[in-house]
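Hello,

Here is the structure we spoke about, with notes on what turned up in it. Please read the notes with the model open.

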Amino acid sequence: MSQLGRAPRTWYGIGPVFAPGRVWMLLACLAALVLGLWRLGHAPLWCDEIYTARWTRLDITGLLAALRTDLHPPLYFLCEHAVVHLLGETPFGLRVLGVVAGVLTVAATFWAFRPLLNERLAAASAWLLALSPQFLLYARMARYYAFTALVAMVAHGLFVRLAVKRGRPRSWFLYGLSVAVLLYTSYVGVCVVLAHLVWALSARRRRPRLWKAWLAAAAGGFALFGPWLGALIQQARMAHGLVPSVVSGPGGLVLMLGYDLHALTASELLTPWSWAGVLGLLAGTTLLLAGALAGIRRGLGRSVLVPGLAALGFAWIVVGMLAHATPFVGLPARTLFLWPFAAVLLAIGALDPVYGRLPRMIATAALLLAWGVGWMQSYGARGWMNPIYLTPGGEVAEAIARQASPTDLVLSEDD
């Protein structure tokens, strides 16, 4: 497996930019931590976070019973239960686990793709992930999204090393464990595991035994998931609207994937009709396409593009099967594990010398400018494409508490 272009040793004659890469990776993690913790408890909980808060109030038995009636596996909520009982049931206490998982995902992205990229590109990928307002938007939620991205990157990093013959035999055992952990964290996250099969099958001429080793390790991971399989069957029976969204016509497909593209580039913090949203969409799409073309040219199609696109396709199918229960805006949140793949393509597009320095600098600066506006929108809690994230739950609860008397009965819809 060839590495992407050997980075130039100097930049403007002042020495390596992203070398040593590990130092820049640690700085990216620090930046993600600061951006993630800043005003973390300022915004009230939105409706899905309120579900998390309700479940963490239960004991372990009650929590598992509640999850059996929903469509989520238990691992994240068990960890959240422990964190909330340690730090307290506040917006900060509920959300801090996601921020920590997001910061660790930045580091895991550097580690996962390092066998394929030089340190300069791996560190740039970590930085672009850390600075993405969309990635931190979900990491700052009391939900399982960032936790899933972290586990997915650990599994991906293990498979990358095995695929390029840099892993040891015991790595297959660790990979199987990571598959099990991913299944216990997010059902959609398993799309990354299926994408690894696509990679293994595409490389069967060079590595004819790779897909068989994947099959054995993945089977072990699925076997470890066995104790929760009965709950999953029960959840599937209770889920409604299991009709693929493709039946609504090509418009539904375009809308779902288009929304995901806008989230990957401009972010949901910017509307597509605002100047910053247009700028972020154009600049981000340009860098993604440039990175994809450069990756193919450098031999990274099978190792970066194939698993990334395969995981996206599988995720679209899974989320699309819940079309009536889950609107199209649910795809970006549930595919947060794809953000590291996008960060790699953005980094390649921004740093590949074939395209010329000035165009790359303009596109990168434009994207970072749009992201800066997105960060201001995030901290100001305004202008989001999906207003559901601005649910005024705290304000409503305070108003009811002020106005209600001890004998009043308060009725509301569950969601």
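Helix α2 and its surroundings

The buried residues of α2 pack against α3 (60-67), α4 (75-87), α5 (91-113) and α8 (145-163). Packing here rests on contact, meaning heavy atoms within 4.5 Å. Helices (H or I, at least four residues) and strands (E, at least two) are DSSP runs, numbered from the N terminus. Buried means under 20% relative accessible area, exposed over 50%, and partly exposed in between, with a 1.4 Å probe and protein chains only.

Before going on, two notes on the source. This is a predicted model, in which local features need pLDDT of at least 70 and side-chain atom pairs count only at pLDDT 80 or more, while totals for chains, interfaces and linings use all residues. Residues are numbered from 1 along each chain as its sequence is written, and side-chain values use heavy atoms, with hydrogens and water left out.

Of the 10 residues of α2, eight are buried. They are Cys 47, Asp 48, Glu 49, Tyr 51, Thr 52, Ala 53, Trp 55 and Thr 56.

The second largest pocket

α2 (47-56) also takes part in a pocket lining: this helix and α19 (393-403) each supply at least two lining residues of the second largest pocket. The volume of that pocket is about 650 Å³. Its lining has 21 residues, and those closest to the centre are Ile 50, Arg 54, Gly 393, Gly 394 and Ala 397. By class, 11 lining residues are nonpolar, four polar and six charged.

A pocket is an open set of points on a 1 Å grid over the protein atoms alone, where a 1.4 Å probe fits, with protein on both sides within 12 Å along at least five of seven lines; lining residues have an atom within 4 Å of a point. Grid points are joined across faces, edges and corners, and the volume is the space filled by probe spheres set on them. Ala, Val, Leu, Ile, Met, Phe, Trp, Tyr, Cys and Pro count as nonpolar, Asp, Glu, Lys and Arg as charged, and the others, Gly among them, as polar.

Cysteines

How many disulfides are there in the whole structure? The search finds zero, a disulfide being a pair of cysteine sulfur atoms within 2.5 Å. Cys 47 is buried at 13% relative accessible area, and Cys 191 is buried at 1%.

Positive phi

Arg 39, in the loop between α1 (21-37) and α2, has a phi near 55°. Arg 39 is partly exposed, at 37% relative accessibility. Ser 267 has a positive phi of about 90° and sits in the loop between α13 (250-265) and α14 (275-297). Ser 267 is buried, at 1%.

Regards
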